[in-house]
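Subject: Structure for your review

Hello,

Please find the structure below. My notes on it follow.

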Amino acid sequence: MFKYAILATVGVLAIILTGYSVHDSSTDKIGLFGTAFVEVHDKDGRLISTQTVHNRLTDQGETRILAKVFNTANGGYVTSKICLTNANSFTPSETMTGTQFDSDSSLDTTSNNPCKNGTPDYSTTQGKGVIGPLVFVGGSDVAVGSNIVGIGVCNVYNGGNTKNCSYYTDDILFAVIDTTDITNLLQDQSVTVRYEFDLRTPDT
């Protein structure tokens, strides 16, 4: 069986296709950080000095954020679903919603399974949440001949609908990833996706 493997992280998107790899430099920046703005004033209120300092996220802080994202105790909603799309002119953006992600795709959600629900792991590695790997097979999960141009990471309410990214009113598209190298998926070819959400603070 010929296989595609995809590793999607917050900072890096790597597509491995029979030894061929592509790096998506558009995601080469940290999009999650905290900053403290500090001012010192004299007794009359005049500004003496200012500082702008980036924070260092603690292990407890990382665990708290990951639990809110990947733990089902968070009101029944958990980010655990990975969806594929074949949308024409696919352009990921920060304003994209789950509803838009679904409407742009023409992948069959009735007889196929272009969305799959995984079991998030946010405790094995401190500061990192992982979904997958999840395997999508041509001819059963995705129609033969399909082009896969993007991936959505979505939430699920109480283990409910996994056919679409957005089903319940409060379902959201947590993250979106652009892929451009999976074309004309054949019978029994597989696409394997693992998503990593990494909050770890660099040591240096």
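Strand β6 (residues 77-85) pairs with strand β9 (residues 148-157) through eight bridges, in the antiparallel sense. Pairing here requires that DSSP finds at least two bridges between the strands. Strands are DSSP runs of E with at least two residues, helices are runs of H or I with at least four, and both are numbered from the N terminus. Tyr77 stands opposite Tyr157 in β9.

Before the rest, the provenance. This is a predicted model, in which local features need pLDDT of at least 70 and side-chain atom pairs count only at pLDDT 80 or more, while totals for chains, interfaces and linings use all residues. Residues are numbered from 1 along each chain as its sequence is written, and side-chain values use heavy atoms, with hydrogens and water left out.

Sheet

β6 and β9 belong to an open sheet of four strands, ordered β7-β6-β9-β10, with antiparallel pairing. At the edges are β7 (115-117) and β10 (173-182), each of which pairs on one side only. On average, neighbouring strands of this sheet are turned by 25° against each other, direction ignored. The axes behind that angle are lines fitted to C-alpha atoms (for helices over the stretch in contact), and angles run from 0 to 180 degrees between N-to-C directions.

Phe136 has Val191 in β11 as its bridge partner. Seven of the nine residues of β11 are buried, so this strand is largely enclosed by the rest of the structure. Buried means under 20% relative accessible area, exposed over 50%, and partly exposed in between (1.4 Å probe, protein chains only).

Helix α1

Helix α1 (residues 59-70) has twelve residues and spans 16 Å from its first C-alpha to its last, close to the 16 Å expected at 1.5 Å a residue. The expected span is 1.5 Å times one less than the number of residues. Its buried residues are Gly61, Glu62, Leu66, Val69 and Phe70. They lie on the same side of α1, because they cover an arc of only 140° around the axis; the arc is that of the directions from the helix axis to the C-beta atoms. Gln60 and Arg64, on the other side of α1, are exposed. The buried residues of α1 pack against β6, β8 (128-137), β10 and β11 (190-198), where contact means heavy atoms within 4.5 Å.

Aromatic pairs

Rings of Phe, Tyr and Trp (its six-membered ring) pair if their centres lie within 6.5 Å; planes under 30 degrees apart count as stacked, over 60 as edge-to-face and the rest as tilted. By this rule there are three aromatic pairs. Phe90 and Phe101 make an edge-to-face pair, at 6.3 Å centre to centre with 80° between the planes. Phe90 sits in the loop between β6 and α2 (98-104) and Phe101 in helix α2, eleven residues apart. Both Phe90 and Phe101 are buried. Ring pairs also link Phe70, Phe174 and Phe197 into a cluster.

Two further residues

Ser105 is in the loop between α2 and β7. Its relative accessibility is 16%, so Ser105 counts as buried. Leaving out residues up to four places away in sequence, Ser105 touches Leu84, Thr85, Asn86 and Ala87.

Leu199 lies in the segment after β11 and is buried, with a relative accessible area of 8%.

Regards
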